[in-house]
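Please read each point with the structure open beside it.

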Amino acid sequence: MTATEKSTGNAASGSDFDVVIVGGGAIGATLALQLERLAYRVALIERSTPSFASTNPERVIALNYGSRCHLEKLGLWNDITANGAGNIRHIVVTEPGNRGRVDLDAADETPAMDELGYVVEMGQLLAPIYRRLQESTVEMIAPASVRRFERREQQVIMQIQRDGQASEITAALLVGADGVNSQIRRQAGIGVSGWDYNRFGMVASVSCEQGHANTAHECFRASGPLAFLPLADGRFSIVWAATPAEATQLLAMSDAQFIAALSKAAGSATMRKIGAITATSRRANFPLELTIANSFALPRLALVGNAAHTVHPVAGQGMNLGLRDVTALAAALDSELAHCDPGRSIVMQAYAEARRADTLAVAGFTECMVHVFGSAAPGVKWLRGMGLQTMPRAKRLSALLLKQASGLAQMREQHERQNGVAA
Ligand SMILES: Cc1cc2nc3c(=O)[nH]c(=O)nc-3n(C[C@H](O)[C@H](O)[C@H](O)COP(=O)(O)OP(=O)(O)OC[C@H]3O[C@@H](n4cnc5c(N)ncnc54)[C@H](O)[C@@H]3O)c2cc1C
């Protein structure tokens, strides 16, 4: 079906828009572009004025190969990486104080890959998406927010607040892409499962004597993991899961004290690889929690990205998971049935079913990493050590981890599901 056929065949035209997306983060904004390509009339409501200035410390995202493919299909990848990206060719997992390590190498993937993932700044990701939005037919409503909404049988009626003025708009489908504390999710009465980790993710960018050699390091410590991600400019971006007390102390330290604490936490195996840490940026903390919406969709309403699920950043999966929501929702909406009415229950059910298993699998994998490596029980510590020493010989397990890290496993499953092939 061509775009023109789709737009003329749209029975939801009684509403102002076919789809209104609330939340213009990377997930909501990408979804808006993807649905515009399907000839839907889309509005994107964002509460703040979009700004993509580089921050200090950089807020960076590791995207896997699957996400790169998605962004390439939207014609965004070249612009996102125009000023470079950190390439992850190797991942090294260690536990300070425990012998053994796991090495994952892009060349070991079948077929061999150049990279397992890419590290980009959040602004670097968002700026090209917003440039493309400006050239599109997507109506950007910002800064604005939805005060309340009502799901009716044929449409959703939203009261929006913009420039101190209240107005009303209607759509066949409302998508909540408004992050972990989603107001859309709350107002729809969708509960969440999960917990607060009682940890903060401290981020900073650091320079090391030996550079990064395109390697990401994951150091598991009892209080939480510490990740070093290679940046395009040769530095590492770190994400350090710290207890509230640790996080407060780390923020208050001088740069020299912080570098000393970081070097100790990384452990000698990692420090031998990266060399002495010579400089650090400012630091910032983000609270860490696991939140999974009890339902990803209702008639006329869908949740995507962190509004649907927020996972621990230990495996760098949140954004990748959100981009797979975008692919799945676009696939559910790319049918004649959906074009007649994108908010109907059967379309929403198809989306929700498509996303549940992947989300639970990623949340489960992430939880496993947090708990198996976070336990100080002597038996578990011994088993961990054995696991780290045995893994290099367990080729099938390494291959499985590689497929998870690169996003290829999930990409294949999503492709098979959309094409009706049994997994
Ligand atoms: C320390 C840390 C490191 C991470 N590292 C990685 C990584 O390496 N790889 C990875 O894949 N993921 C990572 N993540 C997860 C990733 O950052 C998130 O999954 C992703 O940013 C979620 O995007 P989103 O668009 O769904 O939500 P958000 O980025 O939270 O965007 C939500 C948007 O909605 C807007 N909004 C909120 N409320 C309203 C409202 N009421 N009305 C209108 N607009 C509203 C907000 O202003 C915002 O623009 C990390 C997370 C943390 C905390």
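1. Helices (H or I, at least four residues) and strands (E, at least two) are here DSSP runs, numbered from the N terminus. Residues are numbered from 1 along each chain as its sequence is written. The model is a predicted one, in which local features need pLDDT of at least 70 and side-chain atom pairs count only at pLDDT 80 or more, while totals for chains, interfaces and linings use all residues.

2. The pLDDT, which is the predictor's confidence in each residue on a scale from 0 to 100, averages 88 over the chain, and 84% of the residues score at least 70. Over residues 1-11, however, the pLDDT is below 50, and this stretch has 13 contacts in the model beyond near neighbours in sequence; two residues are in contact if their C-beta atoms, placed from the backbone, lie within 7 Å. Where pLDDT is low, the predicted coordinates should not be read in detail.

3. The chain contains 14 helices and 20 strands, and 46% of its 423 residues count as buried. A residue is buried if 20 or more other C-beta atoms, placed from the backbone, lie within 10 Å of its own, exposed if 12 or fewer do, and partly exposed in between. Of the contacts in the chain with a separation of 6 or more, 74% are between residues 24 or more positions apart.

4. Which residues are closest to the ligand? They are Gly-23, Gly-25, Gly-179, Gly-305 and Gly-318, within a shell of 32 residues, where a residue is near the ligand if its C-beta atom, placed from the backbone, lies within 6 Å of it. Two or more shell residues come from each of helix H2 (26-37), strand E3 (60-64), strand E9 (144-151), strand E12 (192-208) and helix H9 (318-333), and H9 gives the most, with four residues.

5. Leaving aside residues up to four places away in sequence, Val-304 touches Ile-27, Leu-31, Val-175, Ala-177, Gly-322, Asp-325, Val-326 and Leu-329.

6. In helix H5 (residues 122-135), the residues Gln-124, Leu-125, Leu-126, Pro-128, Ile-129 and Leu-133 are buried. The buried residues of H5 pack against H2, E3, helix H4 (77-80), strand E7 (117-121) and strand E8 (139-141).

7. Some backbone angles deserve a check, given that most residues other than glycine have a negative phi, and most peptide bonds are trans. The peptide bond from Asn-56 to Pro-57 is cis, with omega near 5°, and Pro-57 lies in the loop between strand E2 (42-45) and E3. Another cis bond joins Ala-142 and Pro-143, with omega about -10°, and Pro-143 lies in the loop between E8 and E9.

8. Where are the residues Ala-213 and Asn-214 placed? Ala-213 lies in the loop between E12 and strand E13 (215-221), and Asn-214 is likewise in the loop between E12 and E13. Phi is positive in Ala-213, near 50°, and in Asn-214, about 55°. Ala-213 is exposed, with 11 other C-beta atoms within 10 Å, whereas Asn-214, with 16 C-beta neighbours inside 10 Å, counts as partly exposed.
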